[in-house]
Amino acid sequence: MVIKLVCPGCGSGMSAPDTYLGKRGKCPKCGTVITIQPAAPPARPSTPIIVDDLPTLIHTEGVPRRISFSNIYAIMNNDQLLAFWKRGEGWQYRTSHGYVPVRSAESLVPEQGEFVLAEGNVREFEEGHRLVGVQFFKIAGGGGLKSLLRGESEIFEKIVGRVPLGLSQKRQFLLFIRDHYFQSFTERAGDVIEYLTNEDFHTTQIGDTQNEDSAGLPQEE
């Protein structure tokens with residue numbers, strides 16, 4: 001086998017038997033000492049990345065990056081609340097017998113659909129923890145919900161933008177809050193409760209939604 005190589009001094013091409021692989025010798029033209037090894041393949045020009053969905057890429061800047069352990073999280077489709085995050089136990093998924101850990105309901109998690117992730121921002125006050133704001137995110141439909149099976153914070157990688165809630169979604173989220181938390185939990189979130197009980201179908205964030213794990217997305221017009 002013949003080794004093709006190129007002199008780094010003068011650029012001359014040459015060849016040597018493979019028995020000389022790794023040995024050193026001089027270029028017959030310029031005398032440069034070279035190590036006999038195959039010439040590196042020519043560099044391929046980088047392929048430009050074609051972005052055909054720039055508004056989506058911009059819109060996903062600043063999405064929540066991970067679960068914030070003080071906050072609340074719930075996921076809904078158009079008609080019902082499908083899952084919520086439970087501190088210490090991870091994502092719980094809706095079944096006909098109640099909520100169970102999502103891995104126990106793997107076959108029920110849909111591949112397709114329209115889903116909304118609600119993040120409730122919680123603050124600690126002298127009298128206890130209080131809900132102070134909520135924001136809502138659209139989840140990619142193609143396999144997006146399956147990310148719940150891979151880890152607690154994987155779902156955030158599937159966010160494609162902000163979205164307001166529909167009437168049924170509002171009702172389901174309000175019932176979730178009332179079923180899982182004391183009435184005092186929403187004492188500082190009157191604007192959130194007002195939104196969940198009115199016919200505003202344009203708002204995507206209410207109250208204080210700023211925290212270290214969620215920089216916030218630009219408001220949709």
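Accessible areas come from the Shrake-Rupley method with a 1.4 Å probe, and for residues only the protein chains shown count as cover. By this method the chain has an accessible surface of about 13100 Å², and 51% of that surface belongs to carbon and sulfur atoms.

The model is a predicted one: local features need pLDDT of at least 70, side-chain atom pairs count only at pLDDT 80 or more, and totals for chains, interfaces and linings use all residues. Residues are numbered from 1 along each chain as its sequence is written, and side-chain values use heavy atoms, with hydrogens and water left out.

**The chain as a whole**

The chain has three helices and 12 strands. These are DSSP runs numbered from the N terminus, with helices (H or I) of at least four residues and strands (E) of at least two. Of the 221 residues in the chain, 39% are buried. Here, buried means under 20% relative accessible area, exposed means over 50%, and partly exposed lies in between (1.4 Å probe, protein chains only). A contact means heavy atoms within 4.5 Å. Among contacts in the chain with a separation of 6 or more, 58% are between residues 24 or more positions apart.

Helix α3 spans residues 190-197, and its residues Val192, Ile193, Tyr195 and Leu196 are buried. These residues are on the same side of α3 because they cover an arc of only 160 degrees around the axis. The arc is that of the directions from the helix axis to the C-beta atoms. The buried residues of α3 pack against β10, α2 and β12 (205-207).

Gly133 lies in strand β10. Its contacts, not counting residues up to four places away in sequence, are Glu119, Gly120, Asn121, Val192, Ile206, Gly207, Asp208 and Thr209. Gly133 is buried, with a relative accessible area of 0%.

Ile177 belongs to helix α2 and is buried, at 2% relative accessibility. Apart from neighbours within four places in sequence, Ile177 touches Leu131, Phe185, Thr186 and Leu196.

Cys30 sits in the loop between β3 (24-26) and β4 (33-35). At 37% relative accessibility, Cys30 is partly exposed. Leaving aside neighbours within four places in sequence, Cys30 is in contact with Cys7, Gly9 and Cys10.

The table pairs each of these residues with another residue of the chain.

| Pair | Apart in sequence | C-alpha to C-alpha |
|---|---|---|
| Gly133 and Thr186 | 53 residues | 9.5 Å |
| Ile177 and Ile193 | 16 residues | 10.0 Å |
| Cys30 and Cys10 | 20 residues | 6.6 Å |

**The largest pocket**

On a 1 Å grid over the protein atoms alone, a pocket is an open set of points where a 1.4 Å probe fits, with protein on both sides within 12 Å along at least five of seven lines. Grid points are joined across faces, edges and corners, and a volume is the space filled by probe spheres set on the points. The largest pocket holds about 340 Å³ of space. It is lined by 17 residues (those with an atom within 4 Å of a point), and the closest to its centre are Ser70, Asn71, Ile72, Tyr181 and Phe185. The elements that give two or more residues to this lining are β6 (81-86), β10 (128-139) and α2 (167-180). The largest share, three residues, comes from β6.

By type, the lining of the largest pocket has nine nonpolar, five polar and three charged residues. Ala, Val, Leu, Ile, Met, Phe, Trp, Tyr, Cys and Pro count as nonpolar, Asp, Glu, Lys and Arg as charged, and the others, Gly among them, as polar.
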